[in-house]
Amino acid sequence: MGVIKLNSYVLIIRGSDRFKFVDGLSTNKVEGDCCTVFTTTTAKVIDMVDVIDMGEFLALVGHNHFKNDVLEHMHKRILSQDIQIGDASQNNSVYLSTTDIEVTDSVTKRNTWRGWVLVTPNSELINETMDLQDFNEYRVMNMIPHQGYEITSNNHPLACGLGHLVHEAKGCYIGQEILARMRSRGRQGKQLVRLENPVENATTLGKTHSLAIVRTSI
Amino acid sequence: MDCNTCDTAPAIVLNKPEVVNVTLTITTKAKEMLDSAFEGDMSHALLVGVLSGGCSGYMYDLQIVESTDQDCQELSVDGFRVLVPNASSHLLDGIEIDYVDRLMGGGFKINNPNAASSCGCGESFS
C-alpha cells in the first residue's frame with residue numbers, strides 16, 4: 001500500500017550486557033533482530049519496540065509518546081550492568097513500508113511482522129506514499145495493532161494483539177508471571193478483533209471493518 | 001541508520017540512585033548454612049547483589065566470592081565478610097537473609113523491607 005513516517009524514537013543500547021538487559025525486561029526472546037514488548041509488573045504495556053542488532057549496539061525503535069516511560073523503566077534496572085543508553089531519535093527518521101522497497105546503504109531496513117521498518121538518517125528522507133487513513137486501513141485489514149490505538153498502558157500484550165511477541169519458554173521477565181498465568185488458565189480477559197462496521201468502541205476505524213478490543217471468554 | 005550519528009548520539013544522563021550505607025542481618029538458620037558453605041574459609045565473602053529482571057523487576061543474587069570487580073561496600077556481619085554493590089545498595093538496606101528448609105522452594109531467602117511485592121517463587125521483587 002505504501003510508506004508512512006512513524007512518530008518514533010531510536011534509542012541506542014551499548015555494553016556487553018545489552019542482550020541480557022533488554023531480554024530481562026521484555027516479553028520476547030532477545031537474541032538479535034526481533035520485536036518485543038516492555039511490560040510493567042502487572043503486565044501492562046509500556047511500549048512495543050523493534051530491536052535492531054547493529055553489531056556493536058542495539059537500536060530500539062518505539063513510539064515517541066512512550067519514550068520517557070521506557071527510559072524510566074530501563075534506567076532504574078541498569079544497576080551494575082554494562083549498559084549505556086544513547087538517544088539517536090533527533091538524527092534519524094523511522095518509516096514503515098508495506099512492501100519491500102529499494103533503499104540506499106545508509107538506510108537500515110528490517111522485515112518485521114508489521115511490514116518493513118526503515119531507519120534513515122535525517123539527511124536522507126523517504127517519500128511518504130501512504131497517509132494515516134491508508135495506514136489504518138492496512139492495519140485493520142491485517143489486524144495490526146499500533147501504539148496509541150490498541151497498544152496502550154491500559155492493555156496487556158495478549159489483549160492488544162501482541163500475543164505472538166510473548167515468548168512461552170524464555171523464563172522470567174517483568175510481567176511474565178501474570179502473562180503465563182493468563183495463558184495457562186486460558187483467561188486473557190480481552191482480545192483484539194476485526195469486526196464489520198459499525199463497531200462500538202472501535203480502537204481503529206476502517207472503511208468497512210474496524211479493530212476493537214473486546215472482552216472474551218478465552 | 002546513520003551510524004556515525006549513532007556513535008555520537010548524546011548519552012542520556014542517568015540519575016543514579018543514592019548510595020546507602022547498608023545494614024543487614026542474618027538469621028540463625030542462615031548462619032548455619034553459610035558456615036557450611038564457607039567450610040571455614042573466611043577469606044571468602046558473601047556477595048549480596050541485585051540483578052534486573054525476574055517477574056517483578058529485580059532478582060536477588062547471592063554468591064560466595066573471593067573478590068569482585070563491582071564497586072562494593074564491605075560489611076562484617078556475625079563474622080561473615082559481606083559485600084554489597086553500591087549500585088544496588090538502595091534496594092538492600094535493612095534486609096534479613098534467612099534460610100528456609102523445605103523440599104520445594106527451599107534455600108536462602110531475602111526478607112526485604114524495601115520490596116513492594118515479590119513474585120511467586122520469591123526470587124524477584126519490585
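How many residues does the contact take from chain B and from chain A?

**Conventions.** Residues are numbered from 1 along each chain as its sequence is written, chains are lettered from A and ligands numbered from 1 in the order in which they are written. The model is predicted: local features need pLDDT of at least 70, side-chain atom pairs count only at pLDDT 80 or more, and totals for chains, interfaces and linings use all residues.

**Exercise 1. Describe the contact between the chains.**

Step 1. Two residues are in contact if their C-beta atoms, placed from the backbone, lie within 7 Å.

Step 2. The contact takes 28 residues from chain B and 30 residues from chain A.

Step 3. On the side of chain B that touches chain A, strand 2 gives the most, with four residues. Helices (H or I, at least four residues) and strands (E, at least two) are DSSP runs, numbered from the N terminus.

Step 4. The residues on this side of chain B comprise 14 nonpolar, 13 polar and one charged. Here Ala, Val, Leu, Ile, Met, Phe, Trp, Tyr, Cys and Pro count as nonpolar, Asp, Glu, Lys and Arg as charged, and the others, Gly among them, as polar.

**Exercise 2. Describe how the two domains of chain A meet.**

Step 1. The assignment gives domain 1 (3-121) and domain 2 (132-215); such bounds come from an automatic or database domain assignment.

Step 2. The domain centres, taken over C-alpha atoms, are separated by 20 Å.

Step 3. In chain A, 25 residues of domain 1 are in contact with 22 residues of domain 2. Helix 1 (18-25), strand 3 (34-39) and strand 4 of chain A each supply at least two residues of the domain 1 side.

**Exercise 3. Determine which residues of helix 1 of chain A are buried.**

Step 1. A residue is buried if 20 or more other C-beta atoms lie within 10 Å of its own, exposed if 12 or fewer, and partly exposed in between; C-beta atoms are placed from the backbone.

Step 2. Six of the eight residues of this helix are buried, namely A:Arg18, A:Phe21, A:Val22, A:Asp23, A:Gly24 and A:Leu25.

Step 3. Their packing partners include strand 2 (8-14) of chain A and strand 2 of chain B.

**Exercise 4. Locate the largest nonpolar core.**

Step 1. A nonpolar core is a set of buried Ala, Val, Leu, Ile, Met, Phe, Trp, Tyr and Cys residues joined through C-beta atoms within 7 Å.

Step 2. The largest has 54 residues, and A:Ile13 is among those with the most contacts inside it. Strand 4 (residues 45-53) of chain A contributes the largest share, six residues.

Step 3. Beyond four places in sequence, the contacts of A:Ile13 include A:Arg18 and A:Val22.
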